[in-house]
Amino acid sequence: MSDDRIPPGQHVTDRFPVLQIDRPMRFDPTKWRFEVTGEVDNPLNLTWQQFLEIPSVRIVTDFHCVTGWSRLDNEWKGVSGKEICRMARVRPTARHVVMIADSGYTSNTTIETFIRDDTILAYKWNGKDLEPLHGGPLRSVVASVYAYKSVKWLVGLRFVKEDEPGYWERRGYHNRGDPWREERYSY
Ligand SMILES: Nc1nc2c(c(=O)[nH]1)N[C@H]1C(S)=C(S)[C@@H](COP(=O)(O)O)O[C@H]1N2
Ligand SMILES: [Mo]
């Protein structure tokens with residue numbers, strides 16, 4: 001595999017390992033809500049049906065876990081980060097976004113990273129509904145950074161002026177997490 005696909009210190013796996021500190025959420029499509037709050041002019045509170053009606057995109061991205069494995073060429077279908085920002089009318093004062101899981105697990109990233117074309121809120125993986133173990137019904141995929149920033153069981157976004165480090169970012173993992181610069185730890 002050529003070096004331009006594999007960041008330093010990573011090895012490729014064909015499996016799709018499952019990593020998590022919490023458990024798959026109980027998904028009831030009649031009760032599920034997706035909330036967008038904070039620095040936005042149009043806060044969102046969407047049902048599952050409404051979420052599925054948002055214009056979707058398909059992207060193919062590589063997935064790099066900070067523990068060393070990379071899974072290449074994952075096809076994701078869902079709503080782009082850019083589209084959600086447009087819908088919620090994110091204010092220019094917002095600099096960061098906190099991605100929130102049902103369990104309370106969070107991760108943060110910059111707006112700049114969130115609106116890249118390789119950031120998606122995904123409900124399908126390789127043509128199938130996203131499995132509960134991989135974050136179904138919905139997860140974020142922020143492919144340009146390590147996978148601890150791709151939040152499984154995503155139920156909300158909070159746009160903020162000041163950065164709010166998430167679960168792993170508060171525990172010594174790098175706040176930005178660019179795999180090409182091997183930004184694994186914050187010390
Ligand atoms: N809700 C939640 N999302 C999470 C995690 C978690 O523990 N809980 N772990 C992160 C980490 S460290 C990785 S590597 C990926 C793993 O995704 P996968 O289990 O689909 O491979 O999910 C990320 N998102
Ligand atoms: Mo990870």
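This is a predicted model: local features need pLDDT of at least 70, side-chain atom pairs count only at pLDDT 80 or more; totals for chains, interfaces and linings use all residues.
Close-up 1. An oxygen atom of ligand 1 sits 2.9 Å from a polar backbone atom of leucine 19. Histidine 134 contributes a side-chain N or O atom, 2.6 Å from an oxygen atom of ligand 1. For lysine 152, a polar side-chain atom lies 2.5 Å from a ligand 1 oxygen. On its own, ligand 1 exposes 530 Å², and the protein buries 98% of this area.

**Close-up 2. The residue shell around ligand 1.** There are 20 residues around ligand 1. Those that come nearest are Pro17, Asp22, His134, Arg139 and Lys152. The shell divides into 14 nonpolar, 3 polar and 3 charged residues.

**Close-up 3. The ring pair of phenylalanine 63 and tryptophan 69.** The whole structure holds 18 aromatic pairs. In this pair, the ring centres are 5.8 Å apart and the planes meet at 35 degrees, so the pair is tilted. Phenylalanine 63 and tryptophan 69 are both buried.

**Close-up 4. The ring pair of tyrosine 148 and tyrosine 173.** The centres lie 5.6 Å apart with planes at 55 degrees, so this pair is tilted. Tyrosine 148 belongs to the loop between β10 (139-142) and β11 (154-160), and tyrosine 173 to the segment after β11, so the pair ties together parts 25 residues apart in sequence. Tyrosine 148 has 8% relative accessibility and therefore counts as buried.

**Close-up 5. An aromatic cluster and a charge over a ring.** Tyr105, Tyr146, Tyr148, Tyr167, Trp168, Tyr173 and Tyr185 are linked into a cluster by ring pairs. Arginine 171 lies over the face of tyrosine 167, 3.6 Å from the ring centre.

Notes
Residues are numbered from 1 along each chain as its sequence is written. Chains are lettered from A and ligands numbered from 1 in the order in which they are written. Side-chain values use heavy atoms; hydrogens and water are left out. A residue is near a molecule or strand if one of its heavy atoms lies within 4 Å of it. A polar contact is a pair of N or O atoms within 3.5 Å; within protein, one must be able to donate a hydrogen and the other to accept it, and residues adjacent in sequence count only if both atoms are side-chain atoms. Accessible areas come from the Shrake-Rupley method with a 1.4 Å probe; for residues, only the protein chains shown count as cover. Ala, Val, Leu, Ile, Met, Phe, Trp, Tyr, Cys and Pro count as nonpolar, Asp, Glu, Lys and Arg as charged, and the others, Gly among them, as polar. Rings of Phe, Tyr and Trp (its six-membered ring) pair if their centres lie within 6.5 Å; planes under 30 degrees apart count as stacked, over 60 as edge-to-face and the rest as tilted. Buried means under 20% relative accessible area, exposed over 50%, partly exposed in between (1.4 Å probe, protein chains only). Helices (H or I, at least four residues) and strands (E, at least two) are DSSP runs, numbered from the N terminus. A charge sits over a ring if NZ of Lys or CZ of Arg is within 6 Å of the ring centre and within 35 degrees of the ring normal.
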